[in-house]
Amino acid sequence: TISFQELASNSKPIVPVIALPTLESALPLADTLSSCGFTMLEITLRTDCALDAINQLRQQRPELIIGAGTVKNSQQLQQALDAGAQFIVSPGTDSDMITQARAQQVALVPGVMTPSEIMQAANLGMDTVKLFPAALAGGTEFISAMAAVFQGVKFFPTGGVSEDNVNQYLALPNVICAGGTWLTPTSLISRGDWNKIHEIAQRC
Ligand code: 3PG
């Protein structure tokens, strides 16, 4: 099994979280992001074309690392794997999904928002968790407070992470990467405004 930490170590520490409005936007968006060095992309299962987009990106852009996000149950997890997803991100922690991901040797990042959920994920063998929604959970102060208690656990915060605060998250030793939708606003993808997305991505 390739762990999420291994996958992330080959990439920039910012993961664009993408809600793709159309399949046609998948390749130009991925090319815009990868031209700025973003090679690890999370395609959320929030839009109808997400699974097809994951499949297309895996076939046509094999140099990228493509994950599925907003995966909330075992059925969606299987669909994401069938589409070729290389990692799975979930807003919550579900023991069935963790068992399934382990059996299929795919990296899964379960979502947490409380110490009990971190304990649940860690006790199921997870060494990386998504803090979601990071800002509402307490942001960088929460993650710092968890460092002493959960020494082996790395955080992937999303939800309220932005250009203005991402470096504060990334400065924490127990943060492996951070993600969010701010790099790829749906309005810009829908308009095909790759120049504007390129500008945002370059700044980050
Ligand atoms: C996620 O799915 O990780 C979050 O919805 C991203 O949150 P953001 O829109 O605040 O970046």
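This is a short tour of a predicted model, from its sheet to a loop residue and then to the ligand.

**Stop 1: the sheet.** Start by selecting the strands of the open sheet. There are 6 of them, in the order β5-β4-β3-β2-β1-β9, and their pairing is parallel. Now pick out the two edges: β5, at residues 107-109, and β9, at residues 178-180, each of which pairs on one side only. If you look along the sheet, neighbouring strands are turned against each other by 25 degrees on average, direction ignored. As background, strands of a sheet pair through backbone hydrogen bonds, either parallel or antiparallel.

Stop 2: Next, select residues 40-44 (β2) together with residues 65-69 (β3). These two parallel strands are joined by 5 bridges. Which residue of β3 stands opposite L41? Show the side chains and you will find I66 there.

**Stop 3: a loop residue.** Move on to G152, which sits in the loop that links α8 (139-147) and β8 (154-157). Is G152 buried or exposed? G152 counts as exposed because it has 9 C-beta neighbours inside 10 Å, and the cut-off for exposed is 12 or fewer.

**Stop 4: the ligand.** Finally, select the ligand and the residues around it. The shell holds 13 residues, and the closest are V17, T158, G159, G180 and T181. Colour the shell by class and you will see 9 polar and 4 nonpolar residues, with no charged ones.

Notes. Residues numbered from 1 in each chain as written. Predicted model: local features only at pLDDT ≥ 70, side-chain atom pairs only at ≥ 80, totals over all residues. Near = placed C-beta within 6 Å. Nonpolar A, V, L, I, M, F, W, Y, C, P; charged D, E, K, R; others polar. Helix = DSSP H or I, 4+ residues; strand = E, 2+ residues; numbered from the N terminus. Buried ≥ 20, exposed ≤ 12 C-beta atoms within 10 Å, placed from the backbone. Pairing = 2+ DSSP bridges. Axes fitted to C-alpha atoms, helices over the stretch in contact; angles between N-to-C directions.
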